[in-house]
Amino acid sequence: MAHEPFESRTYEIEVLTPTIIGGQDKIQSFEFVKDGDYLYFINFDRLLEENLFKESFIDELSRGLSTGGRDFNIKDVLARYNIDFKNSSKYKLKLEGVKRLSKEVVPFVKSAGRFYIPGSSLKGAIRSFVTKALNRNFIQLYENDLSSAYQKTLNSADRRNSVDPKYVSKDAEEKIFATPYESPFKHLKISDSDFVSSENAGVYEIKVMNICGGQVKWFAGRSNEDDPDRAVSIIAEGIKPGAKLIGSIKIEKDFVEGNQVVRGIKEKIGVNATATSPTEFLADVLKAVSKDYIQREINFYTRYKQAQIVSEYQKLLNVLNSLDKNQFLIQIGFSTGYLSKTVGIFFNKNHFEKLAKVDRQSKIYPELFPKTRRLVFKNGQVWTVPGWIKVTIK
Amino acid sequence: MDVILKGKYIIKCKIKAVTGLHIGEGNNSIEIGGIDNSVVKDAEGKPYIPGSSLKGKMRALMEFAEGKVKDNLLIVSVKRSGKPEICIHMCEDIDCPVCGLFGRNHGKHVTKEEFIRNPNAEGKDFSDAVIPTRLIVRDAKLIESSITDEMKENLDLEWTEVKFENNIDRITSKANPRQSERVPAGAQFLAEFVVNRYEVDGSDDGQRYLSKFIKAMKLLEDDYLGGQGSRGNGKVKFVDIEIVYKDSSDYEKDSSDLKPIAKADSLDQLKLSTN
Ligand SMILES: [Zn+2]
């Protein structure tokens, strides 16, 4: 039997651009108070406990909350009762150049209130990037799935018989990576990261860039605007660039080489990866995918004259080119877009015409898809792309 | 075979969840609140780590580490539609560290190798090698104070949180969310293990199986406990370890002043005195 090291190794994530791993329920406007450059997130349990005897306050609070928070300004109510919101908050986050707050904030995933990066998110991102490194024959399987879903949709007069957009690639996934019990990904184990303090997190403003008639516009609800100030803002909690998180990782030989039960990823990969150690092999694969992806995005943003984003990607490319053998870049989390999560990077107009029929909920323009991008703004200006991290395996 | 109980090593420690811990109920029961993937809880509704989960995981890790995962050393424990679905190691080697520590079962066992040749093979009885199991693993109870008030304020349920995960379709990018309940990182459990020391046909175990058990603890720290381990859950660490040896003669005396033979904050600091 091949010798397998049992020890797990340490991974270190360095956040390069604001990274948002979305938690479940949105944080509503009555749950936070803005004060200067900070948002304070109210702890209602403590607020109620400490003010239990102020009956009219409790009444006013419950009335406000029962209307869903509309026309209810928690800051004013607290001020009227002389309650310091700073003493009744769970945590505060700095507003990172946020010009306009919206009614809700996308929360970062937390464990018992603490910020961290789930192993499942990092592993999911790695899986999505490995998928983009597959050789042509395997990518073809995804194209086949898309065609068959398209055919089924055409043939079924009744919508209920068409393919659920959540499971279009099911067959391809099973043919390539087998069942969860036999998958090579069983041999890639990634723990949750440790926790970072809320000083390492902040609140970010995101806007949606939309290409309309070859021009950059900004999504503003019903219309697309030339002026980004008029665009809709998505407000989200994210981890700041520069923050570091660590956890443990095991990249077993079988993940790369395979065994009696499972074929490893090595024989499925179409990009040039030559390293022999599992860690370096995976890093090679991910670097090749990131490089291709970044290059395509640089071309896209150059075409639409987004110099700031081009320079941000150029910086990422410089980091990528200077990485060690045990390091890679990857994009992770919320607002990272269709291309980062799918094999759509290999699709053309024909594919997107089919996709438009299969996925009726999304607006798909086969001539140019995806034609939107979510970008992080700072002080009203385009700043950067979300979710890029550098991973070092030690 | 003559087996004499020489004494017991009692290992007391805490198991710390370094990342969220999901030890599922292993059935499809749906809890109030609709969490479809809940964790095991005791009669008081507090999560705990069943001794059987700990023992099973440690056995599996030891099988690998001792080179016992081979078709001729695995027996078919569960078969389904003519296939060996679950295999575990069991053998008749009297000195086998895995069987010696974790035990053998009575009855007939078919090795995987035999099964592949002939799914109806009758198998072999290891009864000649069966001696009482040396390792006893108690259920590990939650140390309530390890889930601080501050953590509790932020939990979805009294002692646990709900974690959401997405599967993303690689063609449409549509997400398919799943949820599961887990004990938050930082929670600690009170654990106790007993390793029996035997004299088998005149040969004394000494500290052999205690050392093997400590090896199993170390293997577990570098792996995971419970579900969704390859995606982040279940990293654990043994802390505040104390090992007491009770000689069989000690059971006739007042044993209140027994001194621990080893004491350490963590496994990498643990040193066994040799006597
Ligand atoms: Zn054995």
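User: How many salt bridges are there between chain A and chain B?
Analyst: Five salt bridges between chain A and chain B, where a salt bridge is a side-chain nitrogen of Lys or Arg within 4 Å of a carboxyl oxygen of Asp or Glu. Bear in mind that this is a predicted model: local features need pLDDT of at least 70, side-chain atom pairs count only at pLDDT 80 or more, and totals for chains, interfaces and linings use all residues. Residues are numbered from 1 along each chain as its sequence is written, chains are lettered from A and ligands numbered from 1 in the order written, and side-chain values use heavy atoms, with hydrogens and water left out.

User: Which side chain does B:Asp223 meet in a salt bridge?
Analyst: That of A:Lys189, at 3.9 Å, N to O.

User: Which element gives the largest share of the side of chain A that touches chain B?
Analyst: Helix 4 of chain A, with seven residues. Helices (H or I, at least four residues) and strands (E, at least two) are DSSP runs, numbered from the N terminus.

User: OK, and how much area do the two chains bury between them?
Analyst: About 3,400 Å², 55% of it on carbon and sulfur atoms. Buried area here is the accessible area (1.4 Å probe) that two parts lose on being put together, summed over both.

User: Switching to the metal: what coordinates the zinc ion?
Analyst: B:His89 through NE2, plus B:Cys91, B:Cys96 and B:Cys99 through SG, at 2.0 to 2.3 Å. Donors are N, O and S atoms within 2.8 Å of the metal (3.2 Å for Na, K and Ca); water is not among the atoms, so sites may look incomplete.

User: What spacing do those donors follow along the chain?
Analyst: H-x1-C-x4-C-x2-C.

User: Why is the arrangement tetrahedral?
Analyst: Because the four donor atoms subtend angles of 103 to 115°, and four donors count as tetrahedral if all angles lie between 85 and 135 degrees.

User: Is B:Cys96 buried or exposed?
Analyst: Buried, at 0% relative accessibility. Buried means under 20% relative accessible area, exposed over 50%, partly exposed in between (1.4 Å probe, protein chains only). B:Cys99 is buried as well, at 2%.

User: Last one: where does B:Asn233 lie?
Analyst: In the loop between helix 5 (208-221) and strand 13 (236-247) of chain B. B:Asn233 counts as buried at 2% relative accessibility.

User: And what is B:Asn233 in contact with?
Analyst: Leaving aside neighbours within four places in sequence, its contacts (heavy atoms within 4.5 Å) include A:Asp192, B:Lys163 and B:Arg182.

Conventions: Four donors count as tetrahedral if all angles lie between 85 and 135 degrees; four count as square planar and six as octahedral if opposite donors are over 155 degrees apart and all others between 65 and 115; anything else is irregular.
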